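Hello,

Here is the structure I promised to pass on. My notes follow below it, with the cut-offs included.

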Amino acid sequence: MLVKYINNPNKQYIPSVSNQYNIPKKGFTLRYSLETNIFDRLVYQGIVDILIDSLDEGIPSCVYSHRKSRAKNSKYIFQNPIEAWKDFQLHLTSELKKSPSKVLLVTDIQNFFENIQLKDIRKSILRISKNLMLGKPKERKIKAATTLIIRLLKKWSFSEAHGIPQNRDASSFLANLLMEKLDSKMIKEGYLYFRYMDDLRVVCEDVFQARKILKEIIIEIRKLGLNVNSQKTFILRQEDPRIDEFIYKPIREIEQIESLLKSKKLKNVKIALPLLKKLSLKQIRKNKTQDREFRFCIHRLDTIARCKAVNSFFDFKRITRAIVDELVEQPFSTDVFARYLKSVELTKSNKAKIKAILSDPHRNVYSWQGYHLWLIFIFHGYKSKELLVLARRIVSENKKAPETAGAILYLGSCGGKDDREFVAVNFKNYKNYLMQRYGIIAIHELDYEDVVKIHVKDYVMKELVGTYMNMHANFNGQYFTPLPNTSVSDLYRDIPTYVG
C-alpha cells in the first residue's frame with residue numbers, strides 16, 4: 001500500500017484530522033492525546049518502519065529507547081522495552097559506581113512531544129541519512145518517505161508546525177532522530193551520557209562538571225525549541241538518598257514474584273499470589289499507581305484473573321475495592337485501573353461507586369476517565385436504567401468526545417432496540433472517528449432499510465463505509481472482543497506496560 005505513495009508523488013494519501021483529548025497527569029495537570037483512525041495509525045507506523053531500517057544505526061548506542069530489534073526472527077520491530085530500560089539503568093549505575101566521588105546529573109525535557117517542531121524532524125532525518133552515506137537510491141526513498149510523513153503530521157499534530165502524537169512508537173522513533181545531534185555532541189565531548197526518550201542522565205566527575213554539562217544541554221536543545229524541566233532536574237551525589245530513584249536497584253518483592261511466576265509451576269504461583277497482593281496494595285496506598293512496579297502488578301493480576309487454573313486461589317476483593325476507591329483520588333491511572341477492573345468480578349458496591357462517579361459532574365471531571373468507566377460496564381454487561389438515561393443525556397449534549405463515545409457504545413451494548421435507534425437518530429452529530437466507529441458498532445443489529453439508510457448512511461466517514469454491513473453480516477450481536485482466557489504459562493511474560 002505505501003509503495004504507491006512513496007514512489008509516486010502524484011498519488012496522495014489523504015489523512016484524517018486527528019482529535020485532541022486531554023488526559024489527566026499525576027498532580028492533576030493535563031497532557032494531550034492526538035488520536036487518529038486505525039488506517040492513519042498503520043500508515044504512520046509503516047512510513048516510520050521504512051526510516052527505521054536505514055536510520056536506526058545513525059542513533060548513538062547511548063540511546064536505549066525505541067531501538068531496532070537485532071534479535072533474529074523477532075516479530076517486534078523494536079527491542080524489548082523492559083530490557084532496554086533495565087540496560088539504561090544498569091549501564092549508568094555501573095559507570096556511577098566506579099568512583100564514590102562521581103555525581104549524577106538527571107534532567108528531563110519539558111512537554112517533549114508537544115514542543116517537537118516538524119521542520120526539525122525533517123532536518124534531522126535528512127542530516128542523519130546524509131551522514132550515513134546510504135547511497136542515492138536509499139536516500140531518495142528516505143527523502144520521499146520524509147516528505148510524506150511531514151505532510152501527514154501537519155494533519156495529525158498539535159498544530160501544523162509542532163506537537164506530534166504521543167504514545168506512538170512511530171513518534172518515539174522520530175523523537176530519537178530529532179535528539180541525535182545532542183546525543184552525538186555529548187559523546188564527542190567524552191561525557192558519560194545516557195538517554196531513554198526524554199529522560200537524560202550524565203555521570204559526572206563532580207558537581208561543577210555537572211553544571212557545565214547541564215548548561216550545554218540547555219543551549220543545544222533550545223535550538224530545537226525545547227527546554228529542560230527544572231522540577232525534574234537534579235545534580236545528585238551518591239550519598240543523596242534521592243539517587244535511588246534514578247539508578248538500577250533491584251526491587252526484592254518483584255524479583256521474588258518474577259522468580260516464582262517464571263517457574264510456571266502451579267505450586268510456586270500460589271506462593272507468589274499473596275506477595276503480589278501485598279505489593280499491589282502498598283503501591284496503591286502510597287499513591288504510586290503511575291510507577292512501573294504498579295503496572296507490573298496490574299499486568300500480572302489481569303492475567304491471573306483470566307486464568308481459571310489460578311484465579312480460584314486468589315481473593316481479588318480487597319485490591320478491587322482499593323482500586324475503585326482510587327478512581328476519584330488518582331484519575332490519571334484510570335486506564336491502568338480499567339484494564340484490571342474489566343477482568344475481575346465487581347460487587348454491587350464496586351459498581352455503585354463507579355456509577356456514582358459517572359453520574360456526578362463534580363467528580364467526573366475528565367472525559368477520558370468517563371470513557372474508560374463506560375467501557376468497564378460494557379465489558380461486564382452491567383445494565384442500569386439510571387445509566388441508560390445518563391448515556392442518552394451525554395449523547396444528546398455531545399460535549400465530551402471520549403465519554404460520548406463510551407456512552408454511545410453502552411447504549412448499543414446494554415440498551416434495547418429503542419436505545420440503538422436513539423444512537424442512529426443522533427448519528428449525524430458524531431463528528432469524529434471514535435464516536436462514529438462506536439456508533440456503527442452500537443447500531444449494527446438494526447435494520448438497514450428502516451433505520452440505517454435513513455439516519456446513518458449519508459453521514460458515515462469514508463474510512464468507515466462498509467463497516468455496518470460487515471458487522472451486521474459477520475459479528476451480529478457482538479459489541480466488543482471478550483478478554484481471552486489465559487494459562488499458567490502466560491503468567492510470566494515481559495511486556496511493555498512494565499516500562500511505560
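A residue is called buried at under 20% relative accessible area, exposed at over 50%, and partly exposed in between (1.4 Å probe, protein chains only). Helices (H or I, at least four residues) and strands (E, at least two) are DSSP runs, numbered from the N terminus.

This is a predicted model, in which local features need pLDDT of at least 70 and side-chain atom pairs count only at pLDDT 80 or more, while totals for chains, interfaces and linings use all residues. Residues are numbered from 1 along each chain as its sequence is written, and side-chain values use heavy atoms, with hydrogens and water left out.

In helix 19 (residues 417-425), the buried residues are Asp 419, Arg 420, Phe 422, Val 423 and Ala 424. Their cover includes helix 17 (385-397), helix 18 (401-414), helix 20 (433-443) and helix 21 (448-455); contact here means heavy atoms within 4.5 Å.

Thr 303 belongs to helix 12 (residues 292-305) and counts as buried because its relative accessibility is 1%. A polar atom of the Thr 303 side chain lies 2.8 Å from the backbone oxygen of His 299. Apart from neighbours within four places in sequence, Thr 303 contacts Thr 486, Asp 490 and Leu 491.

Strand 4 (residues 192-196) has four of its five residues buried, so the rest of the structure largely encloses it. Strand 4 pairs with strand 5 (residues 199-204) in the antiparallel sense over five bridges; pairing requires at least two DSSP bridges between the strands. Tyr 193 sits opposite Val 202 of strand 5. Two residues separate the strands of this hairpin, where Met 197 has a positive phi near 55°.

Best wishes

Technical notes. A polar contact is a pair of N or O atoms within 3.5 Å; within protein, one must be able to donate a hydrogen and the other to accept it, and residues adjacent in sequence count only if both atoms are side-chain atoms.
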